[in-house]
Amino acid sequence: MTKRVAILISGGGSNMVSLVNSMTGDHPARPVLVLSNDPNAGGLAKARALNVPTFAIDHKPFGKDRAAFEAALQKALETAKPDIICLAGFMRILTPEFTRMWEGRMLNIHPSLLPKYKGLHTHARALEAGDTEHGCSVHEVTAELDGGPILGQAKIAVSADDTAETLAARLLPLEHQLYPQVLQRYAAGDRTPLMING
Ligand code: GRF
């Protein structure tokens with residue numbers, strides 16, 4: 001049975017594009033929805049150009065009422081009926097209640113070698129710490145922010161003249177390799193961690 005995948009984005013959606021482009025041929029999954037919490041997210045137009053249905057729920061009118069925003073999100077997801085949700089540059093922190101509803105069916109990509117540098121500004125923090133290697137991780141989403149089981153990682157060496165911007169730019173193409181490979185395995189029921197060296 002082909003798995004239905006919903007992809008949640010907040011920005012440009014480059015990871016979303018790599019996921020959608022990978023789901024062809026004998027891939028066990030197909031994209032059924034790209035949803036954003038920002039109606040102006042650049043990734044929505046990219047998804048439409050790839051003929052994937054899109055939907056936007058502006059989180060701003062909900063203010064601090066995360067439960068109300070997530071109720072609207074859940075309603076949109078129930079319409080699309082995904083088997084798997086991929087968070088791809090989705091910048092809203094989801095409540096434990098919401099993550100528990102989708103536990104074991106929701107993935108996220110994070111630009112650090114988890115469990116190091118959960119949260120934001122991962123590239124700057126790796127440089128500040130003098131790390132010699134950096135990377136990105138795909139993990140299952142649980143109630144603990146960036147804390148779920150790791151399903152894949154990709155590593156790059158940090159060079160002396162790296163900045164947060166150059167690190168981010170060198171890491172993004174690896175994210176675009178790692179996430180589709182992990183999704184293909186996950187949709188086929190394979191949760192063994194994958195390692196890629198950049
Ligand atoms: C990526 O670096 C991802 O790891 C992080 O946000 C960035 C999103 O990029 N969570 P894009 O929107 O997929 O281009």
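Q: Is Phe69 buried or exposed in this predicted model?
A: The model is predicted. Buried means under 20% relative accessible area. Phe69 has a relative accessible area of 4%, so Phe69 is buried.

Q: How are the rings of Phe62 and Phe69 arranged?
A: The count comes to one aromatic pair. The ring centres of Phe62 and Phe69 are 5.8 Å apart. Planes over 60 degrees apart count as edge-to-face. The planes here are at 70 degrees, so the pair is edge-to-face.

Q: What is the relative accessible area of Phe62?
A: Phe62 pairs with Phe69 through their rings. Phe69 is buried, whereas Phe62 is partly exposed. The relative accessible area of Phe62 is 26%.

Q: Which residues of helix H2 are buried, and why do they line one face of the helix?
A: Helix H2 covers residues 42-49, and its buried residues are Gly43, Leu44 and Ala47. Seen down the axis of H2, they fall within an arc of 105 degrees, so they line one face. In general, residues three or four places apart point the same way, because an α-helix has 3.6 residues a turn. The names, again, are Gly43, Leu44 and Ala47.

Q: Which elements do the buried residues of H2 pack against?
A: The partners include both strands and a helix. The helix is H1 (14-22). The strands are S1 (3-9), S2 (29-36) and S3 (54-56).

Q: Which residue with a positive phi follows H2?
A: Most residues other than glycine have a negative phi. After H2 comes a residue with phi near 60 degrees. That residue is Asn51.

Q: Which side chains place an N or O atom 2.5 Å and 2.7 Å from an oxygen atom of the ligand?
A: The residues around the ligand include Ser14, Asn15 and Glu175. For Asn15, a backbone N or O atom lies 2.9 Å from a ligand oxygen. The 2.5 Å distance is to the side chain of Ser14, and the 2.7 Å distance is to the side chain of Glu175.

Q: What percentage of the ligand's accessible area does the protein cover?
A: A ligand oxygen is 2.7 Å from an N or O atom in the side chain of Glu175. On its own, the ligand has 360 Å² of accessible area. The protein covers 79%.

Q: Which side chain makes a polar contact with the side chain of Asn15?
A: Asn15 is found in helix H1. Asn15 is buried, at a relative accessible area of 8%. Beyond its neighbours within four places in sequence, its contacts include Ala88, His176 and Tyr179. The polar contact, at 3.1 Å, is with the side chain of Glu175.

Q: Where is Pro115, and what is the omega of the bond that joins it to Leu114?
A: Most peptide bonds are trans. Leu114 and Pro115 are joined by a cis bond. Pro115 sits in the loop between strand S5 (106-110) and helix H5 (122-128). Omega is about 15 degrees.

Q: Is Lys81 buried or exposed?
A: Lys81 lies in the loop between helix H3 (66-80) and strand S4 (84-87). Its phi is positive, near 50 degrees. Exposed means over 50% relative accessible area. At 57%, Lys81 counts as exposed.

Q: Is Asp146 buried or exposed?
A: Asp146 is in the loop between strand S6 (133-140) and strand S7 (150-157). Its phi is positive, near 55 degrees. At 9% relative accessibility, Asp146 counts as buried.

Definitions and conventions:
Residues are numbered from 1 along each chain as its sequence is written. This is a predicted model: local features need pLDDT of at least 70, side-chain atom pairs count only at pLDDT 80 or more; totals for chains, interfaces and linings use all residues. Side-chain values use heavy atoms; hydrogens and water are left out. Buried means under 20% relative accessible area, exposed over 50%, partly exposed in between (1.4 Å probe, protein chains only). Helices (H or I, at least four residues) and strands (E, at least two) are DSSP runs, numbered from the N terminus. The arc is that of the directions from the helix axis to the C-beta atoms. Contact means heavy atoms within 4.5 Å. A residue is near a molecule or strand if one of its heavy atoms lies within 4 Å of it. A polar contact is a pair of N or O atoms within 3.5 Å; within protein, one must be able to donate a hydrogen and the other to accept it, and residues adjacent in sequence count only if both atoms are side-chain atoms. Accessible areas come from the Shrake-Rupley method with a 1.4 Å probe; for residues, only the protein chains shown count as cover. Rings of Phe, Tyr and Trp (its six-membered ring) pair if their centres lie within 6.5 Å; planes under 30 degrees apart count as stacked, over 60 as edge-to-face and the rest as tilted.
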